[in-house]
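Here is a friendly walk through a protein model and its ligand. Please keep the sequence and the 3D view at hand as you read.

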Amino acid sequence: MTQNLADTSRPAADATAHEAGTGASRGWWRDAVIYQVYPRSFADSNGDGMGDLPGIRSRLPYLRDLGVDAVWLSPFYASPQADAGYDVADYRAVDPMFGTLLDADGLIRDAHALGLRIIVDLVPNHSSDQHEWFQRALREGPASPLRDRYHFRPGKGENGELPPNDWESIFGGPAWTRTANPDGTLGDWYLHLFAPEQPDFNWENPAVADEFRSILRFWLDMGVDGFRIDVAHGLVKAPGLPDLGGGDQLKLLGNDVMPFFDQDGVHEIYRSWRRILDEYPGQRIGVAEAWTPTVQRTANYVRPDELHQAFNFQYLGTSWDAAELRGVIDLSLDSMRPVDAPTTWVLSNHDVTRHATRFANEPGLGTQIRTPGDRALGLRRARAATLLMLALPGSAYVYQGEELGLPDVTDLPDEVRQDPSFFRQAGQDGYRDGCRVPIPWSGTEAPYGFGPVAGGPSWLPQPAEWAQLSVEAQTGDPTSTLELYRSALAVRRAQADLGAGTGVEWLDSPEGTLVFRRGSFVCTVNTTAEPVRIPAPGRLLLSSADAVVDGGETVLAPDSTDWWAV
Ligand code: NOJ
């Protein structure tokens, strides 16, 4: 077994007041800042236009200096890439496009040496249609015992020409695809909640559960510190796969318990995984990607004997509005308290329009926005939203490039798009390539240091303006978004009341603003377009805009957040 971080003490450089707080003593993950790396788009070491593990490895010092605690890697496993790696053909192999298992081992070791933890993505709801089990199930025909590891069913209608039920794929179109028998005749259908290249596993079959327990151990033995569990709410389907019975399925998603989402049976799986995680030293964790109807139902995934964290998508979906934010913050904290789990906060990831662009547009447009909106406004709000997020109790997720203030690329030509849901139209997603464009590191010519050679390729084109947004261009500029993130993460580490520290106490404040106290720390937020004058809460620590302190008063700039020491 490779050495895990918590087997030894953390490097001295990382031992801070924050580490000594209640969060660290009860579990590092309770207030970790976790940085999501999207391997395709982070750093390309060999110049093929696609990011890779050696590229990530070479940039780990950047992440350590940024001040994050852990890195979550989206899938880098062997995959035909029908859904950018969320279609896994071999769960124990690295796709050659990303490197080798040796590269993964080196990356984990280097990260640990720098005091960073590594969380890998696990995709247990479905495999790739190229997975050996699925290929054999097709080849061996209807009598194959391997068919029971997936959901194969005869079709309805006189000749089986209709899908077995009325479920739709999240990416659009029916959730079923008909197979051909080995003799060429039309055969059974199989279930895929996502693309047809992503057949859903049947978790009632014990071989599936056994296999995933073994996969968990494989990566735990490699030294990973945890797993982000893809579609954690989808593994168990309602018995008999009942029809949904009409209605707009996409509107119901996330608002209702569905026969294929958030079934109570999933929790038994996470209990068994928790037992495995707990066998390993060093507090290995599980993080649920679970889209549930309510924060209360999300809390079910993080009961003491289940997973450690769940993404707070209700927070991600909240508009830049003081009252709405306060509502979701209170609800999130209240919902996690009974299960003693940390609340998590997230503004962006690889599936949604970056928050700098969401906040640049009118509210209510959802998470697949195709207009740039008012960029300056979006960036101002994004910076303010980040300082608010990092001031809240619990753990926070940062998606690569948000620390550079990157907007979504809303004008990608259709011919370069790769998001499978773009090609299936009516689905829930479709424009996710806009947040997946490779990030700029340095230089004035694309790919801006993403790849080793100026003028070299990148799998999605980067906008020309990104030269000014590169890590190099922003480093040392005190007004840059990158330096704001660096400062915020440093203050967060140094302030014992932040992170898992002290609870939130709301203080009275004018409409459109929020003021809350956590021990000797105060956060002020102005979500309005007007400056707001209030009594200065203390000494200004950090400002997302230009807070003006004038005698005993301060003027909160429009769309801004400030941190204060009292
Ligand atoms: C959620 C992942 O974040 C997304 O990128 C993927 O398309 C679906 N799950 C299916 O695996």
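## An exposed proline

P304 sits in the loop between α10 (295–299) and β11 (309–310). Helices here are DSSP runs of H or I with at least four residues, strands are runs of E with at least two, and both are numbered from the N terminus. The model is a predicted one, in which local features need pLDDT of at least 70 and side-chain atom pairs count only at pLDDT 80 or more, while totals for chains, interfaces and linings use all residues. Residues are numbered from 1 along each chain as its sequence is written, and side-chain values use heavy atoms, with hydrogens and water left out.

Is P304 buried or exposed? At 60% relative accessibility, P304 is exposed. Buried means under 20% relative accessible area, exposed means over 50%, and partly exposed lies in between, with a 1.4 Å probe and protein chains only. Setting aside neighbours within four places in sequence, P304 is in contact with R274 and V339, where contact means heavy atoms within 4.5 Å. R274 is 30 residues away from P304 along the chain, and their C-alpha atoms are separated by 9.2 Å.

## A threonine in helix α10

T298 belongs to helix α10 and is buried, with a relative accessible area of 3%. Which side chain does T298 join through a polar contact of 2.7 Å? The partner is the side chain of T292. A polar contact is a pair of N or O atoms within 3.5 Å; within protein, one must be able to donate a hydrogen and the other to accept it, and residues adjacent in sequence count only if both atoms are side-chain atoms.

Leaving out neighbours within four places in sequence, T298 is in contact with A290, T292, A310, F311, Q314 and M336.

Now have a look at R217, which is in helix α7 (residues 206–222). R217 is partly exposed, and its relative accessible area is 30%. Not counting residues up to four places away in sequence, R217 touches I276, E279 and Y280.

G27 is found in the loop between α2 (22–26) and β1 (33–37), and its relative accessible area of 0% makes it buried. The C-alpha atoms of G27 and D188 are 48 Å from each other, and these two residues are 161 residues apart along the chain.

## Backbone features to check

Where is the cis peptide bond described here? It runs from A446 to P447, with omega near 5 degrees. P447 lies in the loop between α15 (420–423) and α16 (471–474). Y448 is also in the loop between α15 and α16. Phi of Y448 is near 50 degrees, a positive value in a residue other than glycine, and Y448 is buried at 4% relative accessibility.

A84 has a phi near 50 degrees, again positive in a residue other than glycine. A84 lies in the loop between β3 (77–78) and β4 (90–94). With a relative accessible area of 12%, A84 is buried.

## Around the ligand

Which of the 14 residues around the ligand come nearest? They are D83, H126, D230, H350 and D351; a residue counts as near if one of its heavy atoms lies within 4 Å of the molecule. By class, this shell has four nonpolar, three polar and seven charged residues. Ala, Val, Leu, Ile, Met, Phe, Trp, Tyr, Cys and Pro count as nonpolar, Asp, Glu, Lys and Arg as charged, and the others, Gly among them, as polar.

An oxygen atom of the ligand is 2.4 Å from an N or O atom in the side chain of D351. A polar side-chain atom of D83 lies 2.5 Å from a ligand oxygen atom, and for R432 the distance from a polar side-chain atom to a ligand oxygen atom is 3.0 Å. Taken alone, the ligand exposes 300 Å², and the protein buries 97% of that. These accessible areas come from the Shrake-Rupley method with a 1.4 Å probe; for residues, only the protein chains shown count as cover.

## Cysteines

How many disulfides are there? The count is zero, taking a disulfide as a pair of cysteine sulfur atoms within 2.5 Å. C435 is buried, with a relative accessible area of 1%, and C523 is buried with a relative accessible area of 0%.
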